[in-house]
Amino acid sequence: NGAIRSSDLLDGEVYDARLSNEGWDLVGFNDSKWDKASAIPNSIRLVPQPNEPVKITREIKPAAMKEVKPGTWVYDMGQNMVGWCRLTASGSRGDEVVLRFAEMLNDDGTVYIENLRGAQQTDKFILSGKTREQLEPHFTYHGFRYVEVTGLKSKPDLGLLTGQQLNSSMRETGSFESSSDLLNKLWSNVIWTQRDNMIGIPTDCPQRDERLGWTGDIQVFSGTSIFNMD
């Protein structure tokens, strides 16, 4: 019954800030009206996953934004990335701001979503009406460079969104540098691809409806991945 109305790895999250319980995670919060947790018999043995935790490893500022049609703004993060965006917005209580994530654009500047197949990659935030509020999802992530924003009552600025890069927090151990800008960019692309596809497990891809482990690509890339990161 809280603010997270729905949350799905592929589809995204719906968060209603009007239902947020301020201070619920702090000592002294009055939880007397909360329902008791139900204990369910379970024979499954829980074991830890012995690898680095998944964390936000860097923040990315948008490089540009454009109104592609009335009331529809597209932000360019300047970098294909994995994670989500933190929204900093103000509006009336009950206003809905919708963020849709994509890797490419159509010719008219709108987001291209055909490659996502069944994945919605959409976060919806319902504002509480505070003067300024920061909102972000909790139980999903997206693969994207572009973010379509709708539901705003006025023209936004670049500070509306901040990209949150998400990946297993592995220590980067390998490096490469040459006199060729092209080779250096290729190396950077390799590193970013590894970050984007190692989230707890080596994933198949971080954007469409197919994000489980896949042993086809990783058997070719495993040597490089071990060189790049611990």
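Visitor: How are helices α1 and α2 oriented to each other, roughly parallel or roughly perpendicular?

Guide: An angle under 35 degrees counts as roughly parallel, over 145 as roughly antiparallel, 65 to 115 as roughly perpendicular, and the rest as oblique. In this predicted model, the axes of α1 (residues 181-196) and α2 (residues 215-228) cross at roughly 95° and come within 11 Å, and the two helices are therefore roughly perpendicular. Axes here are lines fitted to C-alpha atoms, for helices over the stretch in contact, with angles from 0 to 180 degrees between N-to-C directions, while helices are DSSP runs of H or I with at least four residues and strands are runs of E with at least two, numbered from the N terminus.

Visitor: Which residues make the contact?

Guide: Contact means heavy atoms within 4.5 Å. From α1 come Trp187, Val190, Ile191 and Gln194, and from α2 come Phe221, Thr224, Ser225, Phe227 and Asn228.

Visitor: Where does strand β1 find its partner?

Guide: Two strands pair if DSSP finds at least two bridges between them. Here β1 (residues 4-8) and β2 (residues 12-16) run antiparallel and are joined by four bridges, with Asp8 opposite Gly12 of β2, and a hairpin of three residues links β1 to β2.

Visitor: What should I know about how the model was treated?

Guide: Residues are numbered from 1 along each chain as its sequence is written, and side-chain values use heavy atoms, leaving out hydrogens and water. Because the model is predicted, local features need pLDDT of at least 70 and side-chain atom pairs count only at pLDDT 80 or more, whereas totals for chains, interfaces and linings use all residues.
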